[in-house]
Amino acid sequence: MSIKFTSDIMEIIRKQQIETTLNKAKKYAWEYISNIDERHVYPHESDRANLSIFDETLNKEPQSPDEILEMLNTYGSPATVAQTGGRYFGFVCGAIIPSAIPSKWLADAWDQNPAMFVLSPIASKIESVVEKWIIDLLKLPDKSSVGYVSGSSTASFVGICTGRNYLLSRKGFNPIENGLADMPKIKVVLGADAHSTIYKALSMAGLGSENVIKVPVDDQGRMIASEMPELDDLTLVIAQAGHVSSGAFDPFKEICEKAQASNAWIHIDGAFGLWARADTRFDELTQGIELADSWSVDGHKTLNAPYDNGIAICKHTQPLIDSMQMTGSYIITSDNRDGMMYTPEMSRRARAIDLWSTLKGLGQKGVADMIYEMHSKAAYFAMKLSENGVEILNDICFNQIIAKYQTDQKTIALIEALQKSGVMWLGGAKWKGQEIIRISVCSFRTTYDDIDLCINEFIKQINILEKHI
Ligand SMILES: *Cc1c(COP(=O)(O)O)cnc(C)c1O
C-alpha cells in the first residue's frame, strides 16, 4: 500500500470550479420553465430517438461538469414530458410551485442528511416545523407524527407495518423481534378499488397481497361501508381519499366508526386526495378522516411540491418509532428530531425542505385555493367535454375525470390521437369493464384557456376520427 496516495484525477476534481456551469444550469432551467407551455406536451419522436446518445460505456477519464450539463440539456431537455406545464393530465402528477425550486437548489448544494439531529440541525428543524404545519393543515390529531418518505407507496408501507405491529403487540406478541411466522393472522379489509400500491405494501409487509377481504364498491369506486365484514382487534382497515380514476372518497365516518368500535387499525391512502382537508369547501368529502390511525399523502401530486416527497402520518408516535427504529453503537439520538425514527430509510436527502418552501410559497390560503381551483377546472373541463359529445362517467367530486367517446375502439383511438397532438397528454384505463379516458387536473399552472385549447383539440381529433372510421 502506498502511503499518501493521491490520484491525479481526484486532484482535478477537487479543483473544479462550477460557478459558470451553475449559472448555465440556471439559464437552461429558466428557459425550460418560461417556455414550458410552448412545448409538445409529450416529446417528439425524433427527440426520443436522440436519447440513444446516452447509450455509451462509462468514460474512463473524468468528464467536465460543463460537458455533462451540456449533454443533459441538449439531449435530455427535449425528451422531457411537460408535466410542469398546464396541459399534462396523465396519471396524477402535479407541477412545481415556483418557491420550491431556488430553495431546492440551495439545499442540493448543502446535501444534508436528516437521519439524525447531529447530522443536520437545519434539516431536523425543518422536519419538525413542516410536521406541525401538515398536521394543522390536514386537521389531523395534534400529537400525530410525520415521516418523510419517497412517495405514498412507502408512506402506506409505513402505516401498514406500524398498524400490523401495533395490533399484534397489543395482544402480547412481538412481531418486531420474532417476525410473523407464529403470529395470529391479521385480517386486512379494503375497498375493491384500492390502489395497486396498497397491495404492494401489504406484500412487502408480509401480510400478502391477496390475503385480504375486498369490500364491494359503488358506482364511483367508493367502499360500501354497510358491506364491510365483521371486524375485530386484529383487523387492518384500509380506506382511500381520492380514487385514482374517479377521485372519489370513501365514506370515512362510517368506516372509521365501525373500525373503532372493534379496535381495528385504520390506514387511509390519501396520496392526492388528503389535501382536500386543507379546504373547508371539501369538508363533506373528508368528514371522519381524522378518526384513522395512519395516513399516507404525497407532496409531489396535488400539492405541487417537487418529486420524491411522500408523507407518512401516524397518530401513534411510539408504535411508529418502534416499527421504524434502528440502533447501533455509533447512533447519536437527541431530544431534537431524528428523522430516521419515522422512516424505513436511515440516510435520505432533506426532502422536507421542498415541502417547507412549497407550503410557505402558497400559504394556508394558497393551498386551499389551489386545491379548489383544481376541482373547479376539472368540473369545467368535464362540462365542456360533455357539451361536445364526450361522455362523462363519474361525478366530479375532486380533480379527476373519467370520460369515454362512444365505443371502446373510438376511445382508444381518441386517446392516441390526443397524445400525438402534443397539445395535451392524458392516459387511458379500464373502468367498470369499459375503456376510458382519464383526466387528472393537478397542475397549478392549468388555466381555463388551457382547457379551452384542449377542448378544441378534442373536437378536431373527433372530427378526424369520424372521417376515418
Ligand atoms: C399515486 C398514488 C399512490 C402511489 O403514490 P407514489 O407517490 O407514486 O408512491 C397511491 N395511492 C394513490 C391513490 C395514488 O394516486
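Asp308 is partly exposed in this predicted model, with a relative accessible area of 26%. Asp308 is found in the loop that runs between β6 and β7. The backbone of Asp308 has a positive phi of about 75°, although the residue is not a glycine.

Asp111 is exposed, its relative accessible area being 62%.

I turn now to the sheet. In what order do the strands of the open sheet stand? The order is β1-β7-β6-β5-β4-β2-β3, with 7 strands and mixed pairing. At the edges stand β1, residues 145-149, and β3, residues 212-215; each has a single partner strand, so one side of each is left without a neighbour in the sheet. On average, and with direction ignored, neighbouring strands here are turned by 20° against each other.

One pairing can be followed on the model. Strands of a sheet pair through backbone hydrogen bonds, either parallel or antiparallel. Strand β2, residues 187-191, and strand β4, residues 235-240, pair in the parallel sense, over 4 bridges. Within this part of the sheet, Leu190 has Ile238 of β4 as its bridge partner.

Helices lie across these strands. Helix α7, residues 152-170, lies across β1, β4, β5, β6 and β7, and runs at about 180° to β5. Helix α10, residues 252-261, lies across β4 and β5; its direction is at about 175° to β4.

Next, please look at Lys139, which sits in the loop between α6 and β1. Lys139 is partly exposed, at a relative accessible area of 36%. Which residues does Lys139 contact, leaving aside its neighbours within four places in sequence? They are Arg277, Ala278, Asp279 and Glu290. With Ala278, the C-alpha separation is 7.6 Å, although Lys139 and Ala278 are 139 residues apart along the chain. As for Arg277, its backbone oxygen lies 2.4 Å from a polar atom of the Lys139 side chain.

The last topic is charge pairing. Side chains of opposite charge can pair when their charged atoms come close. How many salt bridges does a search of the whole structure find? The search finds 25 salt bridges.

Arg337 takes part in two that I wish to show. With Glu127, the Arg337 side chain forms a salt bridge at 2.6 Å, N to O. Arg337 lies in the loop between α12 and α13, whereas Glu127 lies in helix α6, so the pair ties together parts that are 210 residues apart in sequence. Arg337 counts as buried at 6% relative accessibility, and Glu127 counts as buried at 1%.

With Glu131, the Arg337 side chain meets in a salt bridge of 3.2 Å, N to O. This pair also links distant parts of the chain, since Glu131 is in helix α6 and 206 residues separate the two. Glu131 is buried, as is Arg337. A network of salt bridges links Glu127, Glu131, Arg337 and Arg348.

Finally, Glu466 forms a salt bridge with Lys410, and their closest N and O atoms are 3.1 Å apart. Glu466 belongs to helix α15, residues 448-468, and Lys410 to helix α14, residues 408-421, so the pair ties together parts that are 56 residues apart in sequence.

How values were computed. Residues are numbered from 1 along each chain as its sequence is written. This is a predicted model: local features need pLDDT of at least 70, side-chain atom pairs count only at pLDDT 80 or more; totals for chains, interfaces and linings use all residues. Side-chain values use heavy atoms; hydrogens and water are left out. Two strands pair if DSSP finds at least two bridges between them. Axes are lines fitted to C-alpha atoms, for helices over the stretch in contact, and angles run from 0 to 180 degrees between N-to-C directions. Contact means heavy atoms within 4.5 Å. Buried means under 20% relative accessible area, exposed over 50%, partly exposed in between (1.4 Å probe, protein chains only). A polar contact is a pair of N or O atoms within 3.5 Å; within protein, one must be able to donate a hydrogen and the other to accept it, and residues adjacent in sequence count only if both atoms are side-chain atoms. A salt bridge is a side-chain nitrogen of Lys or Arg within 4 Å of a carboxyl oxygen of Asp or Glu.
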